[in-house]
Amino acid sequence: AVDLDGVEFWSSDDDLTLGKTETVVKKVGIPKKHYGVNRLIITLESEDEKIVKEVKYSLSNNSSDNPRNMSAGTVTHLSRNYGRIEEAAPILANAGFGVVRGEELPWIGFEQQKGVLKLDDRMKKNIEYFDKYGLKYIQVFNSSVSFYQPEGIAWNMPVSTPEGYRALERYACEIAKAAGDTLLGIEVWNEYHNSGFSGPFATNPEVFAQLHRSVYKGLKSAGTGALTIGLDEDPWGYIETQIIQKTLDVLGDEKAMDAVSLHPYALDGAAIENNERLDGFVDGTLSALAEHGYSKDTPLYITEFGWPDSLFKFDYEKRAARIIRAMAYYSAKYPNLATLCNYNLFDYADVWAAGNISEGTFGLVESYDAAGTEIPHLAKPLYTAFAYWNNLAAENKFIGYVDGIDSQKEAGYIFKDRNGENYMILANLEENDKNIGVKLGVDS
């Protein structure tokens with residue numbers, strides 16, 4: 001057995017006598033202390049030939065008795081047939097995630113006949129597995145239904161008529177009742193560039209504001225405590241189109257959300273630290289909320305962020321370090337941070353094969369090709385790094401920054417863990433081939 005760098009940490013030799021049709025099963029005890037992605041190299045030699053088989057496997061240091069880290073989550077697209085809940089839920093739980101965000105309770109599936117709202121079998125199974133594995137779920141509202149659309153407006157664009165708004169309110173209410181405590185909230189999604197959902201309404205603050213009102217009223221009527229998580233934009237929606245500010249202006253002092261969702265992507269490859277564009281986006285949005293009567297303690301959900309492997313030339317460990325650094329940065333900077341969701345759980349082999357290498361390589365785990373992969377959804381280094389982070393960060397508290405360091409070159413954070421012990425996270429911001437950029441759990 002060797003680690004990702006090829007350093008051997010375990011070996012075993014056996015003499016075997018096999019007949020032509022005989023099968024031998026050999027169990028081995030590999031030490032469970034080499035976390036991350038490892039390789040088991042199996043060599044079979046006879047007088048006539050030598051056969052070598054290599055099997056990758058991953059090991060994380062999180063265990064089932066650790067509490068879920070409710071400040072960490074990821075994104076699934078199970079409704080698009082990327083993975084199954086039977087596989088996704090244990091993968092998330094095994095890494096200590098507390099929150100999952102996706103499209104697994106969509107309106108189009110809940111109201112398949114106009115006026116008849118009920119869970120189908122797939123939705124029931126999703127809720128069952130979220131409950132079984134202790135996961136809280138955020139539903140992304142990013143598709144409507146054809147019954148309530150004017151002529152010429154596709155089903156998957158937002159509703160924009162009085163009847164449609166009332167129907168959306170009813171959906172929000174009834175899906176919350178059906179999902180119960182599992183449903184953490186509904187996001188009102190509106191990324192500017194998406195022609196599939198926002199379409200002609202992408203920069204229409206009147207429609208966007210009314211979507212918030214409908215979801216908010218519906219969830220309050222349900223009485224389950226599910227949150228309306230609003231705005232749900234990336235930097236373009238604040239800096240270029242200013243749809244965030246315009247929507248808040250339309251709403252005025254009317255409260256139409258319980259929390260805010262932002263997507264601080266840096267897809268140019270830039271780091272989170274010392275990033276004026278991303279800090280301006282998040283800080284500016286929070287200031288705009290405060291100007292419209294929202295508390296400074298309004299929960300912040302960063303429901304999409306991250307970088308694909310392709311941006312790091314498939315240096316998996318460097319990407320893992322970059323994202324864990326971002327988790328520490330946002331956890332320290334924003335006391336109102338509720339959950340930060342890395343985008344996303346699975347790689348998308350078909351998207352990658354179609355030429356979109358960026359969108360296809362955001363996953364924490366590999367896509368599963370039954371013909372070519374021994375381990376379904378093999379975990380990447382980022383997955384095992386998240387398991388370690390979630391082990392440390394579950395129920396932790398930010399204490400302060402490390403003094404005496406150059407903030408342009410380094411970052412240092414002090415947290416108190418759930419056992420009352422302080423620990424530091426140190427990050428070297430001067431990335432190079434030999435420096436992956438982060439040390440977790442340094443002695444305080």
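Me: In which sense do strands β7 and β8 pair, and over how many bridges?

Reply: Start with the general idea. Strands of a sheet pair through backbone hydrogen bonds, in either a parallel or an antiparallel way. Now this structure, which is a predicted model. Strand β7 (residues 227–233) and β8 pair in the parallel sense, over four bridges.

Me: Which way do the residues of strand β8 point, and are they buried or exposed?

Reply: In a regular strand, side chains alternate between the two faces of the sheet. Strand β8 covers residues 259–262. A259 and S261 point one way, V260 and L262 the other. All of them are buried, that is, under 20% relative accessible area.

Me: What joins β8 to strand β9?

Reply: Three bridges, with the two strands running parallel. Strand β9 spans residues 300–305. Find L262 and you find I302 of β9 opposite. To get from β8 to β9, the chain passes through helix α8 (residues 276–291). This β-α-β crossover is right-handed.

Me: How many strands close into the barrel, and in what order?

Reply: Eight, with parallel pairing. Trace them as β3-β4-β5-β6-β7-β8-β9-β10. On average, neighbouring strands of this sheet are turned by 25° against each other, direction ignored.

Me: Which strands does α8 touch?

Reply: Helix α8 packs on the sheet and touches β7, β8 and β9. Its direction makes about 155° with that of β8.

Conventions
Residues numbered from 1 in each chain as written. Predicted model: local features only at pLDDT ≥ 70, side-chain atom pairs only at ≥ 80, totals over all residues. Heavy atoms only, no water. Buried < 20%, exposed > 50% of the residue type's maximum accessible area, 1.4 Å probe, protein only. Pairing = 2+ DSSP bridges. Right-handed = clockwise from strand over helix to strand, strands pointing away. Axes fitted to C-alpha atoms, helices over the stretch in contact; angles between N-to-C directions. Contact = heavy atoms within 4.5 Å.
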